[in-house]
Amino acid sequence: VIRSPAQLRDVSVKLLSLALSLDTGSAFATTRDVATSVVLLVARIETAFAFVYNTKLPLDDLKVTAKNRAIIGDACAQLKGLLRGDSKDRTMICARTMIQGWLEEVESKI
């Protein structure tokens, strides 16, 4: 049981940041599988955070304190940035641009 989402947020952000730093810019790099696996894992965590943060349903098993709700909102924002990028900062390294670069490389070889 996780009492504070801060630990999961911090680990997810760190793990995804490290995975993004593994990107060599090539879809054929040996680190691609590790980076892809981490992106998929963190995307699932971000989805769970977003569900908890955005749900308005009265769920008996889901009681979120105001403090934890703020942490979850921060986690959503940080993970969204690392996964999808920031429309205001096109130079930001994110999973979307990493995977898009891989796709462009593979398509250029077809």
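1. A quick word on terms before we start: a residue is called buried under 20% relative accessible area, exposed over 50%, and partly exposed in between, using a 1.4 Å probe and protein chains only. With a relative accessible area of 52%, Phe28 therefore counts as exposed. Keep in mind that this is a predicted model, where local features need pLDDT of at least 70 and side-chain atom pairs count only at pLDDT 80 or more, while totals for chains, interfaces and linings use all residues. Residues are numbered from 1 along each chain as its sequence is written, and side-chain values use heavy atoms, with hydrogens and water left out.

2. Now the overall fold. The chain has four helices and zero strands, giving the pattern α-α-α-α when you read along the sequence. Helices here are DSSP runs of H or I with at least four residues, strands are runs of E with at least two, and numbering goes from the N terminus. Along the principal axes, the C-alpha atoms fill a box of roughly 55 × 30 × 20 Å.

3. Contact means heavy atoms within 4.5 Å. Take the contacts between residues at least 6 apart in sequence: 63% of these join residues at least 24 apart.

4. Back to Phe28, which sits in the loop between helix 1 (5–21) and helix 2 (32–54). What does Phe28 touch, if residues up to four places away in sequence are not counted? The list is Glu105, Val106 and Lys109. Glu105 is 77 residues away from Phe28 in sequence, yet the C-alpha to C-alpha distance is 9.1 Å.

5. Arg9, in helix 1, has a relative accessible area of 14%, so it is buried. Beyond its neighbours within four places in sequence, Arg9 is in contact with Phe49, Ile71, Asp74, Ala75 and Gln78. Ile99 is 90 residues from Arg9 along the chain, and their C-alpha atoms are separated by 22 Å. Glu46 belongs to helix 2 and is buried because its relative accessible area is 8%. Setting aside residues up to four places away in sequence, Glu46 touches Cys76, Leu79, Lys80, Leu83 and Arg84.

6. Asp33 is also in helix 2. Is Asp33 buried or partly exposed? Its relative accessibility is 48%, so Asp33 counts as partly exposed. From Asp33 to Lys88 there are 55 residues in sequence and 29 Å in space, C-alpha to C-alpha.

7. On the aromatic side, the structure holds zero aromatic pairs; to pair, rings of Phe, Tyr and Trp (its six-membered ring) need centres within 6.5 Å, with planes under 30 degrees apart called stacked, over 60 edge-to-face and the rest tilted. There is a charge over a ring, though: Arg69 lies over the face of Tyr53, 4.5 Å from the ring centre. That label requires NZ of Lys or CZ of Arg within 6 Å of the ring centre and within 35 degrees of the ring normal.

8. Last, surface and charge. The accessible surface is about 7600 Å², and carbon and sulfur atoms account for 59% of that; the area comes from the Shrake-Rupley method with a 1.4 Å probe. The chain carries 15 positive and 12 negative side chains, with the centres of the two sets 6 Å apart. Lys and Arg count as positive and Asp and Glu as negative, leaving out His and the chain ends; each charge is placed at NZ of Lys, CZ of Arg, CG of Asp or CD of Glu.
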